Amino acid sequence: MKIAIVMGSISDLEVVKKGINILKEFDVDFEVRILSAHRTPIEALNFSKNAENEFDVIIGAAGKAAHLPGVIASHTILPVIGLPIKSSTLDGLDSLLSIVQMPKGIPVATVALNGSENAALLAIQIMSLKYEVLKDKLKIYREKMREDVLKQDKELVYNL
């Protein structure tokens, strides 16, 4: 039960940390790597080809041209979740479109710009098909979210 998080650059780490916290909360093992589709293409290829032996899901975080998740997906049958990183260039639209516009036959699930938490939760949901313990943890997590919203609603009514 392990997730790979692959970032295109160390500058992506601040965004990725939020998803890492979710994985820790769910007690899911993970490995974080920095591999670039453009600057380390051989290493990214080798990682992708061997990922099936070690991981269940891969999260690919990248900004700007953001080809990393697609490159990874083209070399593995593991589910790949693209995490577009908002950069100063084009306000992150370039990252989002680079990941979401994959050609037919090589899917990459895509979450919102800087949506690290949802990338982690989606990876956990995918893995819950194989690992029953994660289903139970997801149900508890969602119930806690529900309770938090109801508490906020109640507090709002009394504080107006």
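In helix α5, the buried residues are Ser116, Ala119, Ala120, Leu121, Ala123, Ile124 and Met127. Buried here means under 20% relative accessible area, exposed means over 50%, and partly exposed lies in between, with a 1.4 Å probe and protein chains only. Helices are DSSP runs of H or I with at least four residues, strands are runs of E with at least two, and both are numbered from the N terminus. Helix α5 spans residues 116-127, which makes 12 residues. Its first and last C-alpha atoms are 17 Å apart, close to the 16 Å expected at 1.5 Å a residue. That expected span is 1.5 Å times one less than the number of residues.

The model is predicted, so local features need pLDDT of at least 70 and side-chain atom pairs count only at pLDDT 80 or more, while totals for chains, interfaces and linings use all residues. Residues are numbered from 1 along each chain as its sequence is written, and side-chain values use heavy atoms, with hydrogens and water left out.

An unreviewed UniProt entry annotates residues 1-149 as "domain: PurE". UniProt positions follow the numbering used here, feature names are shortened, and annotations may be inferred rather than shown by experiment.

Now turn to strand β1, residues 2-7. Six of its six residues are buried. In a regular strand the side chains alternate between the two faces of the sheet. On one side of β1 sit Lys2, Ala4 and Val6; on the other sit Ile3, Ile5 and Met7. Both faces are covered.

Which strands does β1 pair with? Two strands pair if DSSP finds at least two bridges between them. Strand β2 runs parallel to β1, and six bridges join them. Here Val6 stands opposite Arg33 of β2. Between these strands the chain passes through α1, and the β-α-β crossover is right-handed. That term applies if, with the strands pointing away from the viewer, the path from the first strand over the helix to the second runs clockwise. Strand β3, residues 57-63, also runs parallel to β1, with five bridges between them. In β3, Val6 has Gly60 as its bridge partner.

Aromatic contacts come next. A pair of aromatic rings is described by the distance of the centres and the angle of the planes. Rings of Phe, Tyr and Trp (its six-membered ring) pair if their centres lie within 6.5 Å; planes under 30 degrees apart count as stacked, over 60 as edge-to-face and the rest as tilted. The count comes to two aromatic pairs. One joins Phe26 and Tyr141, with 5.3 Å between centres and 50° between planes, and is tilted. Phe26 lies in the loop between α1 (13-25) and β2 (29-34), and Tyr141 lies in helix α6 (residues 132-159), so the pair ties together parts 115 residues apart in sequence. Phe26 is buried at 2% relative accessibility. Tyr141 is buried at 19%. Phe47 and Phe55 also form a tilted pair, with ring centres 5.8 Å apart and planes at 45°. Phe47 is buried at 8%, and Phe55 is buried at 5%.

Side chains of opposite charge can pair when their charged atoms come close. A salt bridge here is a side-chain nitrogen of Lys or Arg within 4 Å of a carboxyl oxygen of Asp or Glu. The whole structure holds 10 salt bridges. One of them joins Asp27 and Lys137, at 3.3 Å from N to O. This pair links distant parts of the chain: Asp27 is in the loop between α1 and β2, and Lys137 is in helix α6, 110 residues apart. Asp27 is exposed at 56%, whereas Lys137 is partly exposed at 25%.

Arg146 meets Glu143, with the closest N and O atoms 3.0 Å apart. These two residues are three apart in α6, so about one helical turn separates them. Arg146 is partly exposed at 47%, and Glu143 is partly exposed at 32%. Asp148 meets Lys144, again with the closest N and O atoms 3.0 Å apart. Asp148 is partly exposed at 31%, and Lys144 is partly exposed at 46%. Elsewhere, salt bridges with shared partners join Lys2, Glu31 and Glu54 into one network.
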